[in-house]
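Here's a quick briefing to read with the model open beside you.

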Amino acid sequence: MTPVEPGTRPRVEGDRESEILAAGVEVLLEVGFDRLTMDAVAQRAQASKATLYRRWGDKASLVAAALARHKGSAAPPPDTGSLREDLRGMFCASEGLTDPATSALMGSVVTAIARDPQFATAFRTQVVGPKVAASRVIWERARERGDLRPDADLDLLESALAGIVLHRAFVLGEVPDEATVTRVIDQVVLPAALAAAAPAPSHA
(Lines give C-alpha, C1' and ligand atoms only; values in the text may rest on other atoms or scores of the structure.)
Protein backbone atom coordinates (compact mmCIF):
# COMPACT_ATOMS: atom_id res chain seq x y z
CA MET A 1 0.00 0.00 0.00
CA THR A 2 1.24 3.51 -0.78
CA PRO A 3 2.08 5.27 2.51
CA VAL A 4 -0.06 8.24 3.42
CA GLU A 5 1.49 11.10 5.33
CA PRO A 6 -0.64 12.74 8.03
CA GLY A 7 -2.26 15.96 6.94
CA THR A 8 -1.81 15.31 3.21
CA ARG A 9 -5.34 14.11 2.41
CA PRO A 10 -6.23 15.91 -0.85
CA ARG A 11 -9.63 17.19 -1.80
CA VAL A 12 -11.09 14.90 -4.45
CA GLU A 13 -14.64 15.94 -5.12
CA GLY A 14 -17.18 16.88 -7.73
CA ASP A 15 -16.59 15.73 -11.28
CA ARG A 16 -13.12 14.37 -10.52
CA GLU A 17 -14.42 12.15 -7.74
CA SER A 18 -17.21 10.93 -10.03
CA GLU A 19 -14.68 10.10 -12.75
CA ILE A 20 -12.55 8.04 -10.37
CA LEU A 21 -15.54 6.18 -8.95
CA ALA A 22 -16.87 5.51 -12.46
CA ALA A 23 -13.46 4.07 -13.34
CA GLY A 24 -13.75 1.87 -10.26
CA VAL A 25 -17.10 0.53 -11.46
CA GLU A 26 -15.67 -0.19 -14.92
CA VAL A 27 -12.71 -2.13 -13.54
CA LEU A 28 -14.93 -3.96 -11.07
CA LEU A 29 -17.22 -5.14 -13.87
CA GLU A 30 -14.24 -6.30 -15.91
CA VAL A 31 -12.23 -8.21 -13.30
CA GLY A 32 -14.31 -8.53 -10.11
CA PHE A 33 -13.44 -7.46 -6.59
CA ASP A 34 -10.63 -9.94 -5.94
CA ARG A 35 -8.60 -8.94 -9.00
CA LEU A 36 -9.32 -5.22 -8.81
CA THR A 37 -6.31 -3.14 -7.75
CA MET A 38 -5.86 0.50 -6.87
CA ASP A 39 -3.25 0.64 -9.65
CA ALA A 40 -5.81 -0.46 -12.24
CA VAL A 41 -8.39 2.09 -11.10
CA ALA A 42 -5.78 4.86 -10.99
CA GLN A 43 -4.67 4.06 -14.53
CA ARG A 44 -8.24 3.94 -15.82
CA ALA A 45 -9.05 7.27 -14.16
CA GLN A 46 -5.69 8.82 -15.11
CA ALA A 47 -5.08 9.62 -11.46
CA SER A 48 -2.21 8.87 -9.11
CA LYS A 49 -2.46 5.83 -6.87
CA ALA A 50 -1.47 8.03 -3.93
CA THR A 51 -4.53 10.20 -4.54
CA LEU A 52 -6.80 7.16 -4.37
CA TYR A 53 -5.24 5.92 -1.14
CA ARG A 54 -5.42 9.34 0.47
CA ARG A 55 -9.06 9.81 -0.49
CA TRP A 56 -10.42 6.31 0.19
CA GLY A 57 -7.71 4.59 2.19
CA ASP A 58 -8.07 1.10 0.75
CA LYS A 59 -9.70 -0.96 -1.97
CA ALA A 60 -12.72 -1.94 0.11
CA SER A 61 -13.64 1.69 0.81
CA LEU A 62 -13.11 2.72 -2.81
CA VAL A 63 -15.27 -0.09 -4.19
CA ALA A 64 -18.05 0.55 -1.67
CA ALA A 65 -18.03 4.25 -2.57
CA ALA A 66 -18.08 3.42 -6.29
CA LEU A 67 -21.06 1.10 -5.83
CA ALA A 68 -22.90 3.68 -3.75
CA ARG A 69 -22.31 6.34 -6.40
CA HIS A 70 -23.48 3.97 -9.14
CA LYS A 71 -26.68 3.21 -7.22
CA GLY A 72 -27.45 6.92 -7.06
CA SER A 73 -30.02 8.42 -4.73
CA ALA A 74 -31.81 5.97 -2.47
CA ALA A 75 -34.76 8.30 -1.93
CA PRO A 76 -38.08 6.44 -1.82
CA PRO A 77 -40.32 6.82 -4.87
CA PRO A 78 -43.34 9.14 -4.78
CA ASP A 79 -46.21 7.95 -2.63
CA THR A 80 -48.71 6.29 -4.98
CA GLY A 81 -51.07 5.34 -2.17
CA SER A 82 -50.42 1.67 -2.97
CA LEU A 83 -47.81 -0.59 -1.38
CA ARG A 84 -47.70 -2.65 -4.57
CA GLU A 85 -46.98 0.30 -6.84
CA ASP A 86 -44.52 1.87 -4.39
CA LEU A 87 -42.52 -1.39 -4.32
CA ARG A 88 -42.64 -1.71 -8.09
CA GLY A 89 -41.55 1.91 -8.44
CA MET A 90 -38.54 1.36 -6.22
CA PHE A 91 -37.33 -2.08 -7.28
CA CYS A 92 -38.08 -1.85 -11.02
CA ALA A 93 -36.55 1.61 -11.43
CA SER A 94 -33.13 2.45 -12.82
CA GLU A 95 -30.41 0.86 -10.64
CA GLY A 96 -33.10 -1.39 -9.14
CA LEU A 97 -33.28 -5.18 -9.13
CA THR A 98 -34.05 -5.31 -12.85
CA ASP A 99 -31.06 -3.20 -13.92
CA PRO A 100 -28.48 -5.43 -15.70
CA ALA A 101 -25.51 -3.36 -14.49
CA THR A 102 -26.71 -3.62 -10.89
CA SER A 103 -26.98 -7.41 -11.19
CA ALA A 104 -23.52 -7.63 -12.75
CA LEU A 105 -22.00 -5.48 -10.01
CA MET A 106 -23.64 -7.58 -7.31
CA GLY A 107 -22.22 -10.69 -8.93
CA SER A 108 -18.74 -9.14 -8.93
CA VAL A 109 -18.73 -8.57 -5.16
CA VAL A 110 -20.91 -11.34 -3.74
CA THR A 111 -17.97 -13.53 -2.69
CA ALA A 112 -16.12 -10.53 -1.26
CA ILE A 113 -19.10 -9.76 0.99
CA ALA A 114 -18.75 -13.23 2.49
CA ARG A 115 -14.95 -13.29 2.75
CA ASP A 116 -13.85 -9.71 3.43
CA PRO A 117 -15.28 -8.32 6.69
CA GLN A 118 -14.00 -4.81 6.00
CA PHE A 119 -15.64 -4.66 2.60
CA ALA A 120 -18.82 -6.30 3.92
CA THR A 121 -19.16 -3.59 6.56
CA ALA A 122 -18.55 -0.79 4.05
CA PHE A 123 -20.97 -2.37 1.56
CA ARG A 124 -23.75 -2.73 4.11
CA THR A 125 -23.24 0.81 5.40
CA GLN A 126 -22.85 2.70 2.12
CA VAL A 127 -24.81 0.61 -0.38
CA VAL A 128 -27.40 -1.47 1.46
CA GLY A 129 -28.12 0.91 4.33
CA PRO A 130 -29.57 3.80 2.28
CA LYS A 131 -31.67 1.36 0.23
CA VAL A 132 -33.09 -0.25 3.36
CA ALA A 133 -33.90 3.17 4.81
CA ALA A 134 -35.77 4.16 1.64
CA SER A 135 -37.63 0.84 1.63
CA ARG A 136 -38.64 1.36 5.25
CA VAL A 137 -40.33 4.64 4.27
CA ILE A 138 -42.53 2.70 1.83
CA TRP A 139 -43.48 0.17 4.48
CA GLU A 140 -44.17 2.85 7.09
CA ARG A 141 -46.49 4.59 4.62
CA ALA A 142 -48.44 1.37 4.24
CA ARG A 143 -48.62 0.94 8.01
CA GLU A 144 -49.88 4.50 8.47
CA ARG A 145 -52.61 3.85 5.88
CA GLY A 146 -53.69 0.78 7.84
CA ASP A 147 -52.82 -1.53 4.94
CA LEU A 148 -50.62 -3.95 6.90
CA ARG A 149 -51.45 -6.79 9.22
CA PRO A 150 -50.95 -5.76 12.86
CA ASP A 151 -48.27 -8.43 13.28
CA ALA A 152 -46.41 -7.65 10.04
CA ASP A 153 -42.66 -8.05 10.58
CA LEU A 154 -41.18 -5.18 8.57
CA ASP A 155 -37.59 -6.33 9.02
CA LEU A 156 -38.46 -9.68 7.45
CA LEU A 157 -40.77 -8.32 4.76
CA GLU A 158 -38.29 -5.66 3.63
CA SER A 159 -35.70 -8.28 2.73
CA ALA A 160 -38.08 -10.82 1.20
CA LEU A 161 -38.42 -9.23 -2.23
CA ALA A 162 -34.72 -8.61 -2.87
CA GLY A 163 -33.81 -11.95 -1.28
CA ILE A 164 -36.03 -13.99 -3.58
CA VAL A 165 -35.10 -12.10 -6.75
CA LEU A 166 -31.35 -12.24 -6.03
CA HIS A 167 -31.59 -15.95 -5.17
CA ARG A 168 -33.21 -16.61 -8.53
CA ALA A 169 -30.52 -14.53 -10.24
CA PHE A 170 -27.37 -15.88 -8.59
CA VAL A 171 -28.41 -19.41 -7.67
CA LEU A 172 -30.83 -20.30 -10.47
CA GLY A 173 -29.22 -18.16 -13.16
CA GLU A 174 -32.35 -16.23 -14.11
CA VAL A 175 -32.18 -12.68 -15.43
CA PRO A 176 -34.25 -10.43 -13.14
CA ASP A 177 -37.00 -8.58 -14.95
CA GLU A 178 -40.04 -6.51 -14.08
CA ALA A 179 -42.38 -9.49 -14.47
CA THR A 180 -40.42 -11.52 -11.91
CA VAL A 181 -40.32 -8.66 -9.41
CA THR A 182 -44.06 -8.14 -9.84
CA ARG A 183 -44.78 -11.86 -9.36
CA VAL A 184 -42.84 -11.90 -6.09
CA ILE A 185 -44.68 -8.80 -4.90
CA ASP A 186 -48.11 -10.17 -5.83
CA GLN A 187 -47.66 -13.80 -4.81
CA VAL A 188 -45.34 -13.59 -1.80
CA VAL A 189 -44.91 -10.12 -0.32
CA LEU A 190 -48.44 -8.73 -0.44
CA PRO A 191 -50.21 -11.89 0.81
CA ALA A 192 -47.82 -11.96 3.77
CA ALA A 193 -48.06 -8.25 4.52
CA LEU A 194 -51.54 -6.95 3.87
CA ALA A 195 -54.39 -6.93 6.33
CA ALA A 196 -57.29 -9.15 5.33
CA ALA A 197 -59.97 -7.31 3.43
CA ALA A 198 -63.14 -6.70 5.37
CA PRO A 199 -65.84 -9.26 4.51
CA ALA A 200 -68.55 -8.12 2.18
CA PRO A 201 -71.82 -7.19 3.90
CA SER A 202 -74.34 -10.01 4.08
CA HIS A 203 -77.58 -9.49 2.19
CA ALA A 204 -79.27 -12.58 3.58
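Leu 87, Phe 91, Ser 135, Trp 139, Leu 157, Glu 158, Leu 161 and Val 189 line the largest cavity. A cavity here is a set of points on a 1 Å grid over the protein atoms alone where a 1.4 Å probe fits but cannot get out, and lining residues have an atom within 4 Å of a point. Keep in mind that this is a predicted model, where local features need pLDDT of at least 70, side-chain atom pairs count only at pLDDT 80 or more, and totals for chains, interfaces and linings use all residues. Residues are numbered from 1 along each chain as its sequence is written, and side-chain values use heavy atoms, with hydrogens and water left out.

**The cavity**
- Searching the whole structure turns up one cavity of 30 Å³ or more, and the largest has a volume of about 40 Å³ (the space filled by probe spheres set on grid points, which are joined across faces, edges and corners).
- Helices H5 (83-91), H7 (117-144) and H8 (154-170) each put at least two residues into its lining, with H8 giving the most, at three (helices are DSSP runs of H or I, at least four residues, numbered from the N terminus).
- Sorted by class, that lining has six nonpolar residues, one polar and one charged (Ala, Val, Leu, Ile, Met, Phe, Trp, Tyr, Cys and Pro count as nonpolar, Asp, Glu, Lys and Arg as charged, and the others, Gly among them, as polar).

**The largest pocket**
- About 540 Å³ of space lies in the largest pocket (a pocket is an open set with protein on both sides within 12 Å along at least five of seven lines).
- Its lining has 23 residues, and Leu 97, Val 128, Lys 131, Ala 162 and Leu 166 lie nearest the centre.
- H4 (59-71), H6 (100-115), H7 and H8 each supply at least two of the lining residues.
- By class, the pocket lining comes out at eleven nonpolar, seven polar and five charged residues.

**How H1 and H2 pack**
- H1 (residues 14-35) packs against H2 at an angle of about 125°, with the axes 8 Å apart (axes are lines fitted to C-alpha atoms over the stretch in contact, and angles run from 0 to 180 degrees between N-to-C directions).
- That makes H1 oblique to H2 (under 35 degrees is roughly parallel, over 145 roughly antiparallel, 65 to 115 roughly perpendicular, and the rest oblique).

**A loop residue**
- Gln 46 sits in the loop between H2 (38-45) and H3 (49-56).
- Gln 46 isn't a glycine, yet its phi is positive, about 55°.
- Gln 46 counts as exposed because its relative accessibility is 73% (exposed means over 50% relative accessible area, with a 1.4 Å probe and protein chains only).

Notes: Buried < 20%, exposed > 50% of the residue type's maximum accessible area, 1.4 Å probe, protein only.
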